[in-house]
Amino acid sequence: MRTTGFARRLREASDFAILSFFALLALFPIWMILTNSFKARKFIFGAPFSFPDSETFSLIGYQTVLSRSNLPQNFSNSLIVTVSSLAMILLLGSMAAYALSEYRFKGNAFIGFYLAIGIMIPIRLGTVGILRLMSALGLVNHLAGLVLIYIAQGLPMTVFILSNFMSQVPDELKQAARIDGASEYRIYRLVMPLVRPALGAIGIFTMIPIWNDLWFPLIVAPSGRTATVTLGVQQFLGQFVSDWNAVLSSLSMAMVPVILLYLLFSRQMIRSITAGAIKS
Amino acid sequence: MLDLRRNKRLPFFIVVFIAPGALIYSLFMILPLLDSLRLSFFTTSQDNRELWNGLGNYARLFSDSDWAPRFWGALRNNFVFFSIHMLVQNPIGLLLAALLVGKGRARGVYRTLLFLPTVLSVVIIGFIWQLILSPLWGVAPGMLKAVGLGSLFRPWLGLSQTALITVSLISVWQFIGIPMILLYTALIGIPDDLVEAAVVDGCSPWNIFWRIKFPLVLPTLGVVAVLTFVANFNAFDLIYTMKGALAGPDFSSDIMGTLFYRSFFGQQLQLGNPTMGATVAAMMFLIIAAGVLAYLFLWQRRVQSYQL
């Protein structure tokens, strides 16, 4: 071995120095918003870098947000839209992925390609057509309209990820079930729990874009009653642009749930992306 | 895989499995997309009837004195936007991915933290950076002053020479997690014995990376490039949040996504025009499709030969 212990330790140190620099760069802006949201206006400007203490602490921004914004309603809209879209995507996506990865039949490759178009071509490009369709169906300013769009948006990626995972499930298991007389539907239900590790990757590539989307809420469901968090925050910020306390607090309130969810699931997310990638 | 090709008819359960998803996908993604492409060949009359217009909308977009400067400007800006992502986001993403590979819990923590901005909404990111860079708040000028560079501060977002570059770098800041995580998974997928053999042969870490690991992650770099291309030519939210639909100052941060929005919905005194909106969307479609096809047929074929 040519590398000495000292050289290796030096390299480790420089690795971590670079990583720390970029981690600071990534966190610093978020940190500034969170800490300053708990300060009185005077100190947001007077002492932006300090941590809030008993002198500078204030909740005035949060009070403004809670009394003047629609944020609680926006949250529940986002939750309804994201959870129902995700549930439908998982159900329909796993069914299609199972059929495509399990059976060799005429048209398999074509259907796989047809569904893959949606991975590369953004659904946004069909917006003019989508809005016409939504008005024809009377779904403008209805959460159901958003859910249908997001199912179409999320399916291609989900089918792709799930087929990757499903083709790793050992054949013996399914053959044994077939010999026992299980129906194909039964075998699908047998396979489902085995691809649970794929959920992390689906969370990153399917669920987060739905929660964060601005475009379709802005175009298809812009009314106050149906606005999602992303749109609600955007509109609130537009109105309260000069009220710094309210701006910082609403940003923090919109960020924190996502950050907590992410920290909770980040390990599983990474592991699941990795598991899919190594195989393919 | 169960071979069903010898069945005369498609077994019914396959239809049950595929049809519901394929139906919703066709109805809400493929058909509206085709409808949009079709509309780009029509105009609407006063009484809202569709009139065939051939390539008239396209001619208008490319050469009409109202439309052409906006279209060519947005297209040029979009290529600048994309170049900055390719030159800054993806190389740094590769660097971070390379540094994250290795043992130790600390690396896992860094991985989690570095990916964090990627999961936040673009609207939030846009506003955060607007505040940080605001001369009013003074965070950015204050930090520059602390390192003795206070005189370098400009209201970057407000100047037409720097607005586009600033917005691009903010987008890079947010999405760096995507190339990082994709390249990271590719790097840890490289078989250990390959790297160990090189170490035994006395290869330096630098050479191991460039001679062994880099060629093996080239396919993933291709995926990263095409994903960046598609995302960039479809971008909208960040610029809409930070600069509004007019993508100011003086359209200097205007890209295809914001042009599409303005054409479709109108802005200030100008009414929205669905057929011109569909035409802009059709151009975005052609650009994105060309990028994807170039990747599939030029890049992917050539790079396959590197694979083990």
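This is a predicted model: local features need pLDDT of at least 70, side-chain atom pairs count only at pLDDT 80 or more; totals for chains, interfaces and linings use all residues.
**View 1. Where chain B meets chain A.**
Let's start with the whole contact surface. On one side are 90 residues of chain B, and they touch 98 residues of chain A. Putting the two chains together buries about 9,000 Å², with carbon and sulfur atoms giving 79% of that area. Three residues stand out on the chain B side: Met1(B), Phe17(B) and Trp137(B) supply 10% of what chain B buries against chain A, more than any other three residues.

Now for the polar side of things. Between chain B and chain A there are 21 residue pairs in polar contact, counting pairs with both residues at pLDDT 80 or more. Which helix gives the largest share of the side of chain B that touches chain A? That's helix α1 of chain B, residues 12-39, with 21 residues. As for salt bridges, the count between the two chains is five.

Zoom in on Arg132(A), which shows up in two of the salt bridges described here. One partner is Glu50(B), with the closest N and O atoms 3.1 Å apart. The other is Asp35(B), again with a closest N to O distance of 3.1 Å. Asp35(B) sits in helix α1 of chain B while Arg132(A) belongs to helix α6 (residues 127-137) of chain A, so this pair joins two chains. How accessible are the two ends? Asp35(B) counts as buried at 18% relative accessibility, whereas Arg132(A) is partly exposed at 36%.

**View 2. A buried pair, Asp15(A) with Arg107(B).**
Here's another salt bridge that crosses between chains: the side chains of Asp15(A) and Arg107(B) meet at 3.5 Å, N to O. The Asp15(A) end lies in helix α1 (residues 5-36) of chain A, and the Arg107(B) end in helix α4 (residues 105-119) of chain B. Are these residues buried or exposed? Asp15(A) is buried, with a relative accessible area of 11%. Arg107(B) is buried too, at 5%.

Strand β1 of chain A (residues 103-104) pairs with strand β1 of chain B (residues 2-3) in the parallel sense, over two bridges. Opposite Arg104(A) stands Asp3(B). Asp3(B) also forms a salt bridge with Arg5(B), with the closest N and O atoms 2.9 Å apart. Elsewhere, in chain A, salt bridges with shared partners tie Glu102(A), Asp171(A), Lys174(A), Arg178(A) and Glu184(A) into one network. Across all chains, the whole structure has 15 salt bridges.

**View 3. The surroundings of Thr228(B).**
Thr228(B) is part of helix α10 (residues 205-232) of chain B. What does its side chain reach? There's a polar contact of 3.4 Å between the side chains of Thr228(B) and Asn90(B). Setting aside neighbours within four places in sequence, Thr228(B) touches Phe82(B), His85(B), Met86(B), Gln89(B) and Asn90(B). With a relative accessible area of 6%, Thr228(B) is buried, because anything under 20% falls in that class.

Finally, a stretch worth a look if you check backbone angles. The peptide bond from Gly248(B) to Pro249(B) is cis, with omega near -10°. Pro249(B) is placed in the loop between α11 (237-243) and α12 (256-265) of chain B. Asp250(B) lies in that loop as well, and has a positive phi near 55° despite being a residue other than glycine. Phe251(B) is also found there, and its phi, near 60°, is again positive in a residue other than glycine. Where do their side chains stand on accessibility? Asp250(B) counts as exposed at 67%, while Phe251(B) is partly exposed at 21%.

Terms used:
Residues are numbered from 1 along each chain as its sequence is written. Chains are lettered from A and ligands numbered from 1 in the order in which they are written. Side-chain values use heavy atoms; hydrogens and water are left out. Contact means heavy atoms within 4.5 Å. Buried area is the accessible area (1.4 Å probe) that two parts lose on being put together, summed over both. A salt bridge is a side-chain nitrogen of Lys or Arg within 4 Å of a carboxyl oxygen of Asp or Glu. A polar contact is a pair of N or O atoms within 3.5 Å; within protein, one must be able to donate a hydrogen and the other to accept it, and residues adjacent in sequence count only if both atoms are side-chain atoms. Helices (H or I, at least four residues) and strands (E, at least two) are DSSP runs, numbered from the N terminus. Two strands pair if DSSP finds at least two bridges between them. Buried means under 20% relative accessible area, exposed over 50%, partly exposed in between (1.4 Å probe, protein chains only).
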